[in-house]
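Me: I am new to this structure. Please take me through some of its features, one at a time.

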Amino acid sequence: MQGAPTRSDFWAKLVADEGNIVAWHSLTAHSADVAAVTQVLLRETVLSDRFDSLLSGTFAPVHRDRLSVLAAIHDAGKASQHFQNRAFGKKPTGDHLTPIVGLLSSLEKKQVLDRALGLKDIMGWFGDLESWLKTTWSHHGWPVDVGTPDPGSWTNRSEKRLSAFGDHIRTWYPKAFEGEALSLSGGHLQHLFNGVLTLADWIASDERFFRGDPDGKDLLDPVDAMEVAYRRAEEAVGELHLDIGGVPLDDRLETILGGYAPYQIQREVQELPLGHTGSLTILESATGSGKTEAALGRFARLLRQGKVDSMYFAVPTRSAATQLQERVCEAADRMFDSPPPVHLAVPGYLRVGDIDGQRFGLDVRWDEPIGLRGWASESSKRYTASPIAVGTVDQVLLSALRTNHSHLRTAGLARSFLVVDEVHASSVYMNELLTEVLDYHRAMGGHAFLMSATLGARARAAFTGAQPPEYDEAQSEAYPLITHAGGDGESENIPTDAPSDGKRVDIETVPCMEQPHSIARRAEKAAEDGAHVLVIRNTVAACKATHRTLDDRYSLSVETVPCPHHSRYAPADRSSLDKEIEQVYGKNEVNGVPRRPTEGGIVTIATQTVEQSLDIDADLLITDLCPIDVLLQRIGRLHRHDRPSRPEGHEAARCFVAVPPERDLTSKISSETGRGYPGPGLGSVYGDLRIIEATWRALSKREENADGKIQIPRDNRALVEEATHPSVIEEIESQEGWERHASRVRQMAREETLEARNNLIDREKPFTADENQFPGHQLATRLGDEDVHVELPEPCRTPFGNQVQEMALSPYLFDERPGDGQAELLGRNDGTFQFSFAGHQFEYTSLGICTS
């Protein structure tokens, strides 16, 4: 409605211009909008199937109508007088949740709801109506508390308007009040409904879909309002690609692979049962064996059969996500006649397909007109509502944590084929969170797909709920291996052949872990021979120290500026770094651009940012000692592609593993704390030295008995079990010097497990149970690893020529993690700048963020 509402009107949305109200949307129309979107989501997408699974196959159309009734009263609190006063400059004013939730605070106040909404008529629909009402009124992303509304919130006029809701819901959903149906009870249903309702409210609040009529009249009649709301809801769900199941696609593997013949593992995955009650599939196969395309093939088949509406592809790092998003875009172009948008779901980035956007306050401007194709990517809370998203695993884990908008993320994931790449057992905390996500996803009838080159028997058993096999049995298991579990929890192992004979890698341990100059000299010598050398250090500090000793002539450079590759750069510079390393170390051709030739060799000093998912190829790898599963991931970047020629002396794959100068790891384990710091990242980044010890022993065994050579992927299974199987770890624990450290590691694992479980949403309990109250701050998806976000007072130019105004600081740069905030700019000079934040001074240079 154009203009401002009058005192006799009841409004839900206002549009202001320079402080003046220029348009408004009626409470009747907005209520119809949200109810209609909820109904369409439950009718047109697989969300209906997810409720059906949670309700043991008894979810019926009448249940859909009853949930839509709740959606219609989600903003009933806006009928209160104090909320309506906000449009007229009249006091007192108030929010719209406290008044309506406060009516549950006493029997006398509940009578207002009974009279207005006829609660007695709907009491039997739900196991606990009051809990469902609180779930409905918690649609802003967190549970509401039952408070007491201010006196005067509910005048006779506002109570009369609230009573109109009772009439509206009977007009809109008469069948909800007819017949008998199984009661909707149980916290698991409430939690999913809250996420769906929150998503519906976000969509129905978007003026690009739900707006007043062009002639300036709003829809005040409930019948007209709902008729228009349904039309707009269907348009919105379609334009936002929330249901792409009806889009024509080609699910043949040959199409997905661009005409190449599929490997056996890809055919085996394609032939797996679809399952009527959800599934969990684990694919263990070597790096570069086509796991990504196998996942895409299963997605296409599930999508064609109406089992999923979308896909979320989760990877460990931002660098991996940015590169993988390009590959998925290319595959989507081959699969679909009219491809849905492929979103990069990484905070700090705005990308849909190959189109980038920039944020200006609350607005987003795209480099090219894309309409609403970027809607889900414009807020991290909406990432999981993407039709196809490639992002970090953190966004998936947030759906299980007691943090704001976790249920919105869950509703998006419920529609998705969930793929998690590079799963391994390095973090007890993260795996607890992921296990909870997977359990609920499968309980809803969802389909998930885990991929790893290095998953041990213990970790696989934890994900499937099975007992881990004994050491000898674990060592003899097939590799590659597909483990497929249906909704009933029963799983089967399907052995398959490796795509090729793989590669032989010469492994040599060198006691230079604490000598960055020695590592740099070894890399330079190989570069002099023309080799592309990749050096992976366990910490940013070690990475920078090594890069400082490297001759600039051999260094990876961005805009002619020599630089390392690690996580402590601004997002724009990280993007520049990623593009450069992909172009220099990538395939013979990347996105139609030939691999960039270099004059002689080149050296990249990096951290874990390059070890997973990146499709890069090095002639020589130098890496710090690390857990065996991580080491094998790093080796996956070595001789990854078949090239017609390699530099002389590097025809065979070679990996130098930098180890501590002293062989006895226990010599630096504290007898008091059990901590150990024998080298960069050992004892800190990789806290379980038992696995480090087991890895070192496995490598030494190869050096002594097989000239240091390993065959990949043939030896993957044996190596992983030699360094991770419980019996191996127990043997190390029993040896002198390890008792204190083993005790500490077990205690840390118990603490991480307990912290994870304390932070998880308990979906068996009602949505607003006391135990599920949110803490009011963001919970970590990776312990101690949540960045501190700061804003500079004005944009600054970086050494790579990018303009940045937002920075992400590692919490390890502070004694105690501060909150997010604004920094003070201290100075700038030729692409470098200095700033202070939380009592610390920082400098931004070609080495990234540095402490002053």
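Reply: A cavity is defined on a 1 Å grid over the protein atoms alone as a set of points where a 1.4 Å probe fits but cannot get out, and lining residues have an atom within 4 Å of a point. This is a predicted model, in which local features need pLDDT of at least 70, side-chain atom pairs count only at pLDDT 80 or more, and totals for chains, interfaces and linings use all residues. Residues are numbered from 1 along each chain as its sequence is written, and side-chain values use heavy atoms, with hydrogens and water left out.

Me: Which residues line the largest cavity, and which element gives the largest share of the lining?
Reply: The lining consists of Ser399, Thr410, Leu413, Val437, Tyr440, His441, Met444 and Arg763. Helices H17 (406–414) and H18 (428–443) are the elements that give two or more residues to this lining; helices (H or I, at least four residues) and strands (E, at least two) are DSSP runs, numbered from the N terminus. The largest share, three residues, comes from H18.

Me: How are the axes of H10 and H17 placed relative to each other, parallel or perpendicular?
Reply: Axes are lines fitted to C-alpha atoms, for helices over the stretch in contact, and angles run from 0 to 180 degrees between N-to-C directions. The axes of H10 (residues 187–204) and H17 come within 7 Å and cross at roughly 95°. Angles of 65 to 115 degrees count as roughly perpendicular. H10 and H17 are therefore roughly perpendicular.

Me: Which residues of H17 does H10 meet?
Reply: Contact means heavy atoms within 4.5 Å. From H10, the residues involved include His191, Leu192 and Trp202. Their partners in H17 are His407, Leu408, Ala411 and Ala414.

Me: In the open sheet of four strands, which are the edge strands?
Reply: Two strands pair if DSSP finds at least two bridges between them. The order is E27-E28-E29-E30, with antiparallel pairing. Pairing on one side only marks the edge strands, E27 (824–829) and E30 (848–851).

Me: What is the bridge partner of glutamine 834 in E29?
Reply: Strands E28 (residues 832–837) and E29 (residues 840–845) pair in the antiparallel sense over five bridges. For glutamine 834, the bridge partner in E29 is glutamate 843.

Me: What is omega for the cis peptide bond between lysine 91 and proline 92?
Reply: Proline 92 sits in the loop between helix H4 (81–84) and helix H5 (97–102). The cis bond joining lysine 91 to proline 92 has an omega of about -5°.

Key:
On a 1 Å grid over the protein atoms alone, a cavity is a set of points where a 1.4 Å probe fits but cannot get out, and a pocket is an open set with protein on both sides within 12 Å along at least five of seven lines; lining residues have an atom within 4 Å of a point. Angles under 35 degrees count as roughly parallel, over 145 as roughly antiparallel, 65 to 115 as roughly perpendicular and the rest as oblique.
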